[in-house]
Amino acid sequence: MSIKDIRLFGDPVLRTRAIEVVDFDKELRQLVADLGDTMMDAPGAGLAAPQLGVGLRVFTYYVDDVLGHLVNPVLELSDEEQCGPEGCLSIPGLAFDTTRARHVVARGQDMWGEPVVVEGSDLLARCVQHETDHLDGVLFVDRLDSEARRAAMRAIREAEWFGEPPPDVRVSPHTTFGRAM
């Protein structure tokens, strides 16, 4: 089991677009394991590689007792929307109503490079969109209307964890930021 530190709001890696995975190697499989272990320990419904300081397009999810991962996701979203509470392991202890597509079809690859399709509605759709946003440097608070975003930013600034220094930096072959897993 390998539990890693989760990067918190304010860390620049969370605002940087992750790069596409091209090497489906042992290091990628270790990253997927680290993501899964860290997500389950937190606990959370999903965790993206940038949240561990790794700028690759990979995330894990745990929804409806299904543990999975997706590499290099490309999403097709339904026109039908849902609005409900959403939180983030990088913004601990806070949740705000966020509008998302109700249904998603996500195409990508598994850690071996094989094609994968993840299709779902409601919580799974919300999770897949949330984690893919992380890969694009977007946080769920960016999706809030202006009034809710102001309230979220105020709550973040008042949070006990806000302003904490980032975890120790170690070099990883899977980073372009000088930050490690």
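**Exercise 1.** State which residues Glu-131 touches, not counting residues up to four places away in sequence, and describe its setting.

Solution. Step 1: beyond four places in sequence, Glu-131 touches Gly-46, Leu-47, Ala-48, Gln-51, Phe-59 and Thr-60, where contact means heavy atoms within 4.5 Å. Step 2: the model is predicted, so local features need pLDDT of at least 70 and side-chain atom pairs count only at pLDDT 80 or more, whereas totals for chains, interfaces and linings use all residues. Residues are numbered from 1 along each chain as its sequence is written, and side-chain values use heavy atoms, with hydrogens and water left out. Step 3: the side chain of Glu-131 reaches the backbone nitrogen of Ala-48 at 3.2 Å. Step 4: Glu-131 has a relative accessible area of 3% and is therefore buried (buried means under 20% relative accessible area, exposed over 50%, partly exposed in between, with a 1.4 Å probe and protein chains only). Step 5: UniProt, in an unreviewed entry, places the feature "active site" at Glu-131; UniProt positions are given in the numbering used here, feature names are shortened, and annotations may be inferred rather than shown by experiment.

**Exercise 2.** Describe the overall secondary structure and the burial of the protein chain.

Solution. Step 1: the protein chain comprises 3 helices and 7 strands. These are DSSP runs numbered from the N terminus: helices are H or I with at least four residues, and strands are E with at least two. Step 2: along the sequence, the elements follow the pattern α-β-β-β-β-β-β-β-α-α. Step 3: the chain has 181 residues, of which 49% count as buried. Step 4: among contacts with a separation of 6 or more, 65% are between residues 24 or more positions apart.

**Exercise 3.** Which residues does the UniProt annotation "binding site" cover, and what is the largest C-alpha distance among them?

Solution. Step 1: according to the unreviewed UniProt entry, the annotation covers Cys-88, His-130 and His-134. Step 2: these residues are spread over 47 residues of sequence, yet they cluster in space, with a largest C-alpha distance of 10.1 Å. Step 3: Cys-88, His-130 and His-134 are included in the lining of the largest pocket. On a 1 Å grid over the protein atoms alone, a pocket is an open set of points where a 1.4 Å probe fits, with protein on both sides within 12 Å along at least five of seven lines; lining residues have an atom within 4 Å of a point.

Step 1: His-130 is in helix 2 (residues 123–135), and its relative accessible area of 6% makes it buried. Outside its sequence neighbours up to four places away, His-130 touches Glu-86, Gly-87, Cys-88, Arg-100 and Phe-140. The side chains of His-130 and Glu-86 are joined by a polar contact of 2.6 Å (a pair of N or O atoms within 3.5 Å; within protein, one must be able to donate a hydrogen and the other to accept it, and residues adjacent in sequence count only if both atoms are side-chain atoms).

Step 2: His-134 also lies in helix 2 and is buried at 2% relative accessibility. Beyond four places in sequence, the contacts of His-134 include Leu-14, Ala-48 and Cys-88.

**Exercise 4.** How many residues of helix 2 are buried, and how far does helix 2 reach from its first C-alpha to its last?

Solution. Step 1: 12 of the 13 residues of helix 2 are buried, which leaves the helix mostly covered. Step 2: from first C-alpha to last, helix 2 reaches 19 Å, close to the 18 Å expected at 1.5 Å a residue; the expected span is 1.5 Å times one less than the number of residues. Step 3: Glu-131 is placed in helix 2. Step 4: Gly-137, with a positive phi near 80°, follows helix 2.

**Exercise 5.** Where is a cis peptide bond found, and which residues other than glycine have a positive phi?

Solution. Step 1: Ala-42 and Pro-43 are joined by a cis peptide bond with omega of about -15°. Pro-43 is in the loop between helix 1 (26–41) and strand 1 (46–48). Step 2: Asp-65 has a positive phi near 65° and is in the loop between strand 2 and strand 3. The relative accessible area of Asp-65 is 66%, so this residue is exposed. Step 3: Asp-122 has a positive phi of about 55° and is found in the loop between strand 7 (115–121) and helix 2. With a relative accessible area of 36%, Asp-122 is partly exposed.
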